[in-house]
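Visitor: I would like to go through this model term by term, asking each time what a label rests on. Please set every value against its cut-off before drawing a conclusion.

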Amino acid sequence: DEHFPNKHFWITEGLATYLGGSRGMSLDWHIRRTTTYLNEHPEIDLNNKLELDNLDAHTSFHYVLGGLVVQRVFEDGGWEMLKDFMNSGTTDEEYYRAIEQYLGVRRSDLNSYIRKQLNLLAIR
């Protein structure tokens, strides 16, 4: 955090999960679990994902959804883009703007985008 103090909490947690997993399980494991849960709960609005907390005793949304966003930024632009993303601001609005800037996804499209990405990754 000392090298990138201007990043949102969800980036910190997402990067940690992307690189090393969380609660002893890989990001892929968290993605599969979250995908199943979200497919059973279509009423959950991921356009406001920062309002979500723990999915259950094993998975938190900030681990898996934060990890998914970090993974997509890295896959789209490598370490340079990820470093820029990690310097995009600490507020919720700055985080949503950074997702739009680096992934081209508006906040109003996050629900469909994230669900589609999760479903694609869950079958890998």
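Visitor: Why is Thr35 called buried?
Guide: Thr35 has a relative accessible area of 5%, and buried means under 20% relative accessible area, exposed over 50% and partly exposed in between, computed with a 1.4 Å probe on protein chains only; Thr35 is therefore buried. This is a predicted model, in which local features need pLDDT of at least 70 and side-chain atom pairs count only at pLDDT 80 or more, while totals for chains, interfaces and linings use all residues. Residues are numbered from 1 along each chain as its sequence is written, and side-chain values use heavy atoms, with hydrogens and water left out.

Visitor: Where is Thr35, and what is it in contact with?
Guide: Thr35 lies in helix 2 (residues 27–40), where a helix is a DSSP run of H or I with at least four residues, numbered from the N terminus. Setting aside neighbours within four places in sequence, Thr35 is in contact (heavy atoms within 4.5 Å) with Leu118, Asn119 and Ala122.

Visitor: What makes the buried residues of helix 2 one face?
Guide: The buried residues of helix 2 are Leu27, His30, Ile31, Thr34, Thr35 and Leu38. Seen down the axis of helix 2, they fall within an arc of 135 degrees, taken from the directions from the helix axis to the C-beta atoms, so they line one face of the helix. These buried residues pack against helix 1, helix 3 and helix 5.

Visitor: Why is helix 3 called roughly perpendicular to helix 5?
Guide: The axes of helix 3 (residues 61–85) and helix 5 (residues 110–122) come within 11 Å and cross at roughly 85 degrees. Angles of 65 to 115 degrees count as roughly perpendicular, which makes helix 3 roughly perpendicular to helix 5.

Visitor: What makes Arg23 partly exposed, and what is its phi?
Guide: Arg23 has a relative accessibility of 43% and therefore counts as partly exposed. Arg23 is in the loop between helix 1 (9–20) and helix 2, and has a positive phi of about 55 degrees although it is not a glycine.

Visitor: Is Val73 buried or exposed?
Guide: Val73, in helix 3, has 0% relative accessibility and so counts as buried.

Technical notes: Helix = DSSP H or I, 4+ residues; strand = E, 2+ residues; numbered from the N terminus. Axes fitted to C-alpha atoms, helices over the stretch in contact; angles between N-to-C directions. Parallel < 35°, antiparallel > 145°, perpendicular 65-115°, else oblique.
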